[in-house]
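Please open the model in your viewer and keep the selection panel at hand.

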Amino acid sequence: MLVTFKTKHYANITLFGDVAQTFLKILGHSTSVPGAIRAEEVPAALARLQQAVANAPTQPPQTEDDEDEKGPYVSLRQRALPLIELFESAAKNNDNVMWE
């Protein structure tokens with residue numbers, strides 16, 4: 001499943017469903033798809049997202065099974081950057097954020 005985040009003044013951001021669900025939980029919103037965050041709620045959701053990213057580890061947990069079985073590690077911080085920019089644009093322009 002893919003989830004696409006949209007706002008009026010920024011390019012759409014498409015994420016894999018499991019990643020999108022993680023971000024929706026961080027944003028303090030229901031994980032239901034489709035959904036939306038109203039413009040007046042966007043700054044608070046953005047602050048939650050930025051706080052979670054600031055507290056997220058930048059390196060994966062090391063286990064013996066990790067040797068070359070998976071692709072490169074992509075941190076929460078890296079995955080969140082496009083979504084943070086979308087929310088910053090929505091906050092600046094007083095726009096809603098929707099996902100489907």
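A search of the whole structure finds two salt bridges, a salt bridge being a side-chain nitrogen of Lys or Arg within 4 Å of a carboxyl oxygen of Asp or Glu. In general, side chains of opposite charge can pair when their charged atoms come close. Before selecting them, please note that this is a predicted model, in which local features need pLDDT of at least 70 and side-chain atom pairs count only at pLDDT 80 or more, while totals for chains, interfaces and linings use all residues. Residues are numbered from 1 along each chain as its sequence is written, and side-chain values use heavy atoms, with hydrogens and water left out.

**The salt bridges**

Select glutamate 100 and lysine 6, whose side chains meet in a salt bridge (2.7 Å, N to O). Glutamate 100 lies in the segment after S4 and lysine 6 in strand S1 (residues 2-7), so the pair ties together parts that are 94 residues apart in sequence. Helices (H or I, at least four residues) and strands (E, at least two) are DSSP runs, numbered from the N terminus. Glutamate 100 is partly exposed, with a relative accessible area of 48%, and lysine 6 is also partly exposed, at 27%; here buried means under 20% relative accessible area, exposed over 50%, and partly exposed in between (1.4 Å probe, protein chains only).

Next select glutamate 40 and arginine 38, where the side chains meet in a salt bridge of 2.5 Å, N to O. Glutamate 40 is exposed, and arginine 38 is exposed as well.

**The chain as a whole**

Now colour the chain by secondary structure: it has three helices and four strands, and along the sequence they follow the pattern β-β-α-β-α-α-β. Buried residues make up 34% of the 100 residues in the chain.

**Helix H1 and what follows**

Select helix H1 (17-26), which is mostly covered, with seven of its ten residues buried. The buried residues are Gly17, Val19, Ala20, Gln21, Phe23, Leu24 and Ile26, and what covers them includes S1, strand S2 (10-16), H2, H3 and S4. Just after H1, glycine 28 takes a positive phi of about 75°.

Moving on, select proline 34, in the loop between H1 and S3. Is the peptide bond from valine 33 to proline 34 cis or trans? This bond is cis, with omega near 0°, whereas in general most peptide bonds are trans.

**Helix H2**

Select residues 42-55, which form helix H2: its 14 residues reach 20 Å from the first C-alpha to the last, close to the 20 Å expected at 1.5 Å a residue (the expected span is 1.5 Å times one less than the number of residues). Which residues of H2 are buried? They are Val42, Ala45, Leu46, Leu49 and Val53. Seen down the axis of H2, these buried residues fall within an arc of 100°, so they line one face of the helix, the arc being that of the directions from the helix axis to the C-beta atoms. The face turned away from the buried side of H2 carries the exposed residues Ala54 and Asn55. The cover over the buried residues of H2 includes helix H1, strand S3 (35-37), helix H3 (76-93) and strand S4 (97-99).

While still on H2, select proline 43, which counts as partly exposed at 45% relative accessibility. Proline 43 and alanine 90 are 47 residues apart in sequence and 8.6 Å apart in space, C-alpha to C-alpha.

**The loop between H3 and S4**

Select asparagine 94, which lies in the loop between H3 and S4 and is exposed, with a relative accessible area of 56%. The phi of asparagine 94 is near 55°, a positive value in a residue other than glycine.

Finally, select aspartate 95, in the loop between H3 and S4. Aspartate 95 is buried yet has no salt bridge, and the nearest side chain of opposite charge, lysine 8, is 5.8 Å away (Lys and Arg count as positive and Asp and Glu as negative, while His and the chain ends are not counted). Leaving aside neighbours within four places in sequence, aspartate 95 is in contact (heavy atoms within 4.5 Å) with Thr7, Lys8, His9, Ala39, Val42 and Ala90.
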